[in-house]
Amino acid sequence: MTRPPVRRVVTGHDDKGRAVILSDGAAPNHWSSDMIPGFGATVPWLTEPGVIDHVSDEDPASADAEIPSFPAPGQTILRIADFPPDSVYPDDAGSVIFSELDGHDEAEAGAEHSGSKHFWFHRTDSLDYAVVLQGEITLLVDEGESTMRAGDVAVQRATSHAWSNRTDQTARVLFVLIGTEPLTAAQIAERREASRHLESA
């Protein structure tokens, strides 16, 4: 199953400071799973921590750029992912997915409270904006779930979560991933408790 390309238009400046279109075409940095039909992602852009480059014409998401699966603190990744129906994933889907994504640590962190209720559970140190572009997908967290359709937006705040496609069509989701400082779920719980004690004092 071939994933549809993502058209990417990138702007910049000429030597006189005038705005120009630097490129207009299929985003060159894309990946498709060898093990899961229809699963893959395209990264149109990313930024490194610190000052954002508006001066050079450098393409940080070129075809040969090394893009991490999950952002480091201060890094941002724009990713468009295709999630095929859950029914096409292999029996050992969790192991396959996180081997391909180099995400076993994230999967282990996501399994702490999820009770293994879905193979996609993982947790990252990031603030993720997720926008469903087409199809339908269900966001699962440790306690609860919400089904999202085209135009719906999720704000995922370093929580343990999974993406479940219970339909027979591929769902395409746009993510803006913003790397945040490492903070475990237990540390968050401790800080929430400390904050409540301060408020009641």
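A surface patch here joins residues with over 30% relative accessible area and no salt bridge: like charges within 9 Å, nonpolar side chains (Val, Leu, Ile, Met, Phe, Trp, Tyr) within 5 Å. Tyr129, Val153 and Val155 make up one such nonpolar patch. This is a predicted model, in which local features need pLDDT of at least 70, side-chain atom pairs count only at pLDDT 80 or more, and totals for chains, interfaces and linings use all residues. Residues are numbered from 1 along each chain as its sequence is written, and side-chain values use heavy atoms, leaving out hydrogens and water.

**Nonpolar patch**
- Together the three residues have about 270 Å² of accessible area (Shrake-Rupley method, 1.4 Å probe; for residues, only the protein chains shown count as cover).
- Tyrosine 129 sits in strand β6, residues 126-134 (strands are DSSP runs of E, at least two residues, numbered from the N terminus).
- Tyrosine 129 is partly exposed, because its relative accessibility is 34% (buried is under 20%, exposed over 50%, partly exposed in between; 1.4 Å probe, protein chains only).

**Salt bridges**
- The structure holds 9 salt bridges (a side-chain nitrogen of Lys or Arg within 4 Å of a carboxyl oxygen of Asp or Glu).
- Aspartate 24 pairs with arginine 7, with 2.8 Å between the closest N and O atoms.
- That pair links strand β2 (residues 19-26) to strand β1 (residues 7-13), its members 17 residues apart.
- Aspartate 24 is partly exposed at 46%, while arginine 7 is exposed at 64%.
- Glutamate 145 and arginine 166 also form a salt bridge, 2.8 Å from N to O.
- Shared partners join Arg3, Asp82 and Arg172 into one salt-bridge network.

Definitions and conventions: Helix = DSSP H or I, 4+ residues; strand = E, 2+ residues; numbered from the N terminus.
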